[in-house]
Amino acid sequence: MGGKTDKKLIENGKRWDGRGIKDMRPLKIEAGVLKQANGSALVEWGRNKVLASVYGPREVFPRHMMDPTKGIIKFRYSMAPFSNIDEHSRSGPNRRAQEISKVSRHVFENVVFLEQFPKTMINISCEVLQSDGGTRVAAIIAASVALVDAGIPCKDLVSGVSVGRVNGQLVLDVDKYEDNFGESDIPIVISTRTGEVLLFQADGMLTKEELETAFEWAYEGAAKVREIQEAALRKRYSEAPARD
Amino acid sequence: MNERNIVLPGEQVYDGPRHMEGCYVENGKTYAGVLSLKMEDRIIPLKGRYLPKPGDVVVGVVSDERFNGYVVEINSPYPGQLSTRDTREEFKTGEVLLIRVAMVDEVHEAVLVEPRKLQGGEVLEIESVKVPRVIGKNGSMLQLLQEETGCEIFVGKNGRVYLSGGNTPLATLAILKIAREAHTTGLTERIQAFLAEGKGRAG
C-alpha cells in the first residue's frame, strides 16, 4: 500500500489481472497432504501457496505455559525464504510474522473447544511457500481445514477473504499489486455458521459506507471459501487413500 | 462411503439438544464438533486423539519409574499412572503392558490396574477411532486375522495393536489396510481376499 504506479489498476470494470471487481482468485484446497502430522492442508489461492500442519493435543512444552483449566494453542505463521518475500524483509520470525501468528491464534482460540483438553497444547504451523497478497487469510483457512482434518473439536470451520480499495473502488480478494498500489487492504475472517467476526484488520482508509459494503462482500466471499473447504474435507474422507 | 454421510464441524446434526460424541449443543440445537460419519441416529467421529475411559483395555509403554509406581504412556495427550499398590510385578521403562483403565480424573489422567507384560512381539499404532473396525462385530475381524495369520493379537482401545507369533508381516499389512479403509463398506470381504492372497504369495 502507498506505492505509486503509472499502470491503471482498474479499467472498464476489469482489474489489472482481468478479474471483475467481485471476483476472487481461483482457490484450491487439499486436505491431509502431510502423513506425519495429525492434520494438514495445502491451500493454493491464485499465486499464494500455504501449507498448514496441526499436531496435538499433546504435552505442553515449555511446561510453564501449561494451563490446568484448558489447552493452549501455538500458532506459527512463517514465510519461506523462497516465497517472494522481498517485500516483507527477510524470512523468519520477524515483527510481521509474530503479529500474524498472534492474531491467527486468537481466531482459533475462539472456535476450538480448548476446555476439553486441559494441560495440553495444539501446534498449528503455517508455512507460506509462495506469496502474492492475502497470505494471512490463506494461512487461516488452511489451518482451519488442517484442524478439522486432525479431528480436533471446533465450533465451526473459519473462512475469510480480504477486501480492499483500489483506485477508489472496492474490490474483493486483493492481490499483491493491488495491495502495494491500492488504498486499503482489509482481511476479514468469520465463522460462517454464526456470522461472528474472528479477524478484522484494517489497513488504510475507508468510509463507513464502504466498510459496510466491504463486510457484505466478505461474507459472500467467505461462504464461497467455506464451500471449497468443505469439499476438500469431504473428498479426503469419502475415498480410501491408496497408501499412507 | 457416501459423501453426504460426512458431517463437518458447525453442521447441524439434530434439531434439538442431545448429548452425542463429538457434538455440542448451542441454542437448543445439536451441531457436530468433529469430522464424523452420520449413520441414522449415530455420530461416529472419524479422527481424533485417544482419551482414556474407565474400563478400556489399552496397550501402554512404561515411560518412567517413580517411588510410588510407574508412568505409562498410552498414546494419548495424557499419561496414565500405575501404582505399586496395584501390582506385585516390577517393570522397567520401555516395557510394553496390556493394562486396564480403572479410573479417569477430571483432567483425563488415568489410574491403571491389572498390568500384563507383553514380550517378544511387535507394537503397531493406528488411529484410535479405527479400533472398532479392527475388532469387528463381536470380534469377527480380529478372529479372521488371528485365524488366517496365526498371530496372537491384542488390540488396545488407544489404537495400539500388539502382535506376536505367526505371520506378523501379513497381519501388520492387513491391519494397516483396515485402518486406511475403515470408513468404507465391504471391508471384511476385501480383508479376507487380501489375507488369502498374502498367504498364497508366502506359500
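This is a predicted model: local features need pLDDT of at least 70, side-chain atom pairs count only at pLDDT 80 or more; totals for chains, interfaces and linings use all residues.

Reader: ok, what is the secondary structure of chain A?

Author: Chain A has four helices and twelve strands.

Reader: and what size of box do its C-alpha atoms fill?

Author: Along the principal axes, the C-alpha atoms of chain A fill a box of roughly 55 × 40 × 35 Å. The radius of gyration is 18 Å, which agrees with a compact globule, because a compact globule of 244 residues would have a value near 18 Å.

Reader: how much of chain A is buried?

Author: Buried residues account for 48% of the 244 residues in chain A. Among contacts in chain A between residues at least 6 apart in sequence, 69% join residues at least 24 apart.

Reader: let's pick a strand. Is E8 of chain A mostly covered or uncovered?

Author: Strand E8 of chain A, residues 158–166, is mostly covered, with nine of its nine residues buried.

Reader: which residues of E8(A) point which way?

Author: A:Val158, A:Gly160, A:Ser162, A:Gly164 and A:Val166 point one way, while A:Ser159, A:Val161, A:Val163 and A:Arg165 point the other way. Both sets are buried. As background, side chains in a regular strand alternate between the two faces of the sheet.

Reader: which strands is E8(A) joined to?

Author: Eight bridges join E8(A) to strand E10 of chain A, residues 184–191, and the two run antiparallel. In that pairing, A:Val158 has A:Ser191 as its bridge partner. Strand E9 of chain A, residues 169–172, is also antiparallel to E8(A), joined by four bridges. There, A:Val163 stands opposite A:Leu172.

Reader: what do E8(A) and E9(A) form?

Author: They form a hairpin with two residues between the strands. In the turn, A:Asn167 has a positive phi of about 50 degrees.

Reader: new topic. Which residues touch the most other members in the largest nonpolar core?

Author: That core has 79 residues, and those touching the most other members are A:Ala52, A:Ile124, A:Ala139, A:Ala142, A:Ala143, A:Val145 and A:Leu147. H2(A) gives the most to this core, with eleven residues.

Reader: what does A:Ala142 touch?

Author: Leaving out residues up to four places away in sequence, A:Ala142 touches A:Ala41, A:Val43, A:Val50, A:Ala52 and A:Cys126. There is also a second, separate core of 36 residues, which includes B:Val62, B:Val131, B:Ala171 and B:Ile191.

Reader: why would nonpolar side chains be buried together?

Author: I can only give the general pattern: in soluble globular proteins, nonpolar side chains tend to be buried together.

Reader: how many residues of chain A are in contact with chain B?

Author: 27 residues of chain A are in contact with 21 residues of chain B. On the chain A side, strand E5 (48–59), helix H2 (135–149) and helix H4 (208–238) each supply at least two residues. H4(A) gives the most, with five residues. The chain A side divides into 14 nonpolar, three polar and ten charged residues.

Reader: and which domains does chain B have?

Author: The domain assignment gives domain 1 (3–45), domain 2 (57–118) and domain 3 (122–202). The centres of domain 1 and domain 2 of chain B, taken over C-alpha atoms, are separated by 33 Å.

Reader: what is the strand order in the open sheet of chain B?

Author: The order is E1-E5-E6, three strands with antiparallel pairing. The edge strands are E1 (6–7) and E6 (42–45) of chain B, each pairing on one side only. Two bridges pair E1(B) with strand E5 of chain B, residues 36–39, and B:Ile6 stands opposite B:Leu37 in E5(B).

How values were computed
Residues are numbered from 1 along each chain as its sequence is written. Chains are lettered from A and ligands numbered from 1 in the order in which they are written. Two strands pair if DSSP finds at least two bridges between them. Two residues are in contact if their C-beta atoms, placed from the backbone, lie within 7 Å. Ala, Val, Leu, Ile, Met, Phe, Trp, Tyr, Cys and Pro count as nonpolar, Asp, Glu, Lys and Arg as charged, and the others, Gly among them, as polar. The radius of gyration is taken over C-alpha atoms; the globule rule is 2.2 Å times the number of residues to the power 0.38. A residue is buried if 20 or more other C-beta atoms lie within 10 Å of its own, exposed if 12 or fewer, and partly exposed in between; C-beta atoms are placed from the backbone. Domain bounds come from an automatic or database domain assignment. A nonpolar core is a set of buried Ala, Val, Leu, Ile, Met, Phe, Trp, Tyr and Cys residues joined through C-beta atoms within 7 Å.
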